[in-house]
Amino acid sequence: MNQKGFTLIEMLVVLLVISVLLIITIPNIVKQQGTIRDKGCAALEKMVQGQVQAYQIDQDKLPASLSAMKSEGYINNDTCPNGDKLHYNSVDGTVKASKQDG
C-alpha cells in the first residue's frame with residue numbers, strides 16, 4: 001500500500017515555516033505603515049497639482065479653490081491617507097499638504 005500524500009509531520013513543518021515567515025514579515029509592514037501613508041500623501045499632492053494644471057488648460061484660469069475642483073469632477077478628495085489636508089494657493093496655483101489642526 002504505497003499511497004501518495006503528506007504525512008502529519010510534513011504538514012506541521014510547512015505550517016511552521018509559513019508561521020515563521022509571517023512573524024518576520026508582519027512587524028516590518030506595520031513599522032513601515034507611516035512611511036507608506038506619507039508617500040501616498042506626496043503622490044496625492046502631485047496628482048492634485050496636475051489636476052490644477054488640467055483645470056487651467058480647460059478653463060483658461062486657475063481654480064478658485066479645491067472645492068470648486070471637486071464640484072467640477074477634477075478631484076475626488078482633498079485629504080491625504082495619513083490625515084493631512086491639502087491646501088491650495090489660488091495666487092500661484094500650488095498645492096501643499098499640511099497637518100490637521102487639533
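Asp60 sits in the loop between H2 and H3, where helices (H or I, at least four residues) and strands (E, at least two) are DSSP runs numbered from the N terminus. The model is a predicted one, so local features need pLDDT of at least 70 and side-chain atom pairs count only at pLDDT 80 or more, while totals for chains, interfaces and linings use all residues. Residues are numbered from 1 along each chain as its sequence is written, and side-chain values use heavy atoms, with hydrogens and water left out.

Coming just after H2, Asp60 takes a positive phi of about 60 degrees, and this in a residue other than glycine. Most residues other than glycine have a negative phi. With a relative accessible area of 70%, Asp60 is exposed (exposed is over 50%, buried under 20%, partly exposed in between, with a 1.4 Å probe and protein chains only).

Pro63 also belongs to the loop between H2 and H3, but Pro63 is buried, at 1% relative accessibility. Setting aside neighbours within four places in sequence, Pro63 is in contact with Val52, Tyr55, Met69, Tyr88 and Ser90, contact being heavy atoms within 4.5 Å. Asp84, on the other hand, is 21 residues from Pro63 in sequence and 21 Å away in space, C-alpha to C-alpha.

Now to H2 itself. The expected span of a helix is 1.5 Å times one less than its number of residues, so the 27 residues of H2 should span 39 Å, and the 38 Å between its end C-alpha atoms agrees. Buried in H2 are Cys41, Leu44, Glu45, Val48, Val52 and Tyr55. The cover over these buried residues includes H3, S1 and strand S2 (94-98).

Tyr55 brings up the aromatic rings. Rings of Phe, Tyr and Trp (its six-membered ring) pair if their centres lie within 6.5 Å, with planes under 30 degrees apart counted as stacked, over 60 as edge-to-face and the rest as tilted. By this rule there is one aromatic pair. Tyr55 and Tyr74 have ring centres 5.1 Å apart and planes at 65 degrees, so the pair is edge-to-face. Since Tyr55 lies in helix H2 (residues 33-59) and Tyr74 in the loop between helix H3 (66-71) and strand S1 (85-89), the pair ties together parts that are 19 residues apart in sequence. Both Tyr55 and Tyr74 are buried.

As for charges, two salt bridges turn up in a search of the whole structure, a salt bridge being a side-chain nitrogen of Lys or Arg within 4 Å of a carboxyl oxygen of Asp or Glu. In one of them, Lys70 meets Asp78, with the closest N and O atoms 3.7 Å apart. Asp78 also has a salt bridge with Lys85, at 3.0 Å from N to O. Asp78 counts as buried at 12% relative accessibility, whereas Lys70 is partly exposed at 36% and Lys85 partly exposed at 26%.

Finally, the surface carries a nonpolar patch formed by Leu8, Ile9, Leu12, Val13, Leu15, Val17 and Leu21, with about 700 Å² of accessible area together. Patches are made of residues with over 30% relative accessible area and no salt bridge, like charges being joined within 9 Å and nonpolar side chains (Val, Leu, Ile, Met, Phe, Trp, Tyr) within 5 Å; accessible areas come from the Shrake-Rupley method with a 1.4 Å probe, and for residues only the protein chains shown count as cover. Ile9 is placed in helix H1 (residues 8-31) and is exposed, at a relative accessible area of 59%.
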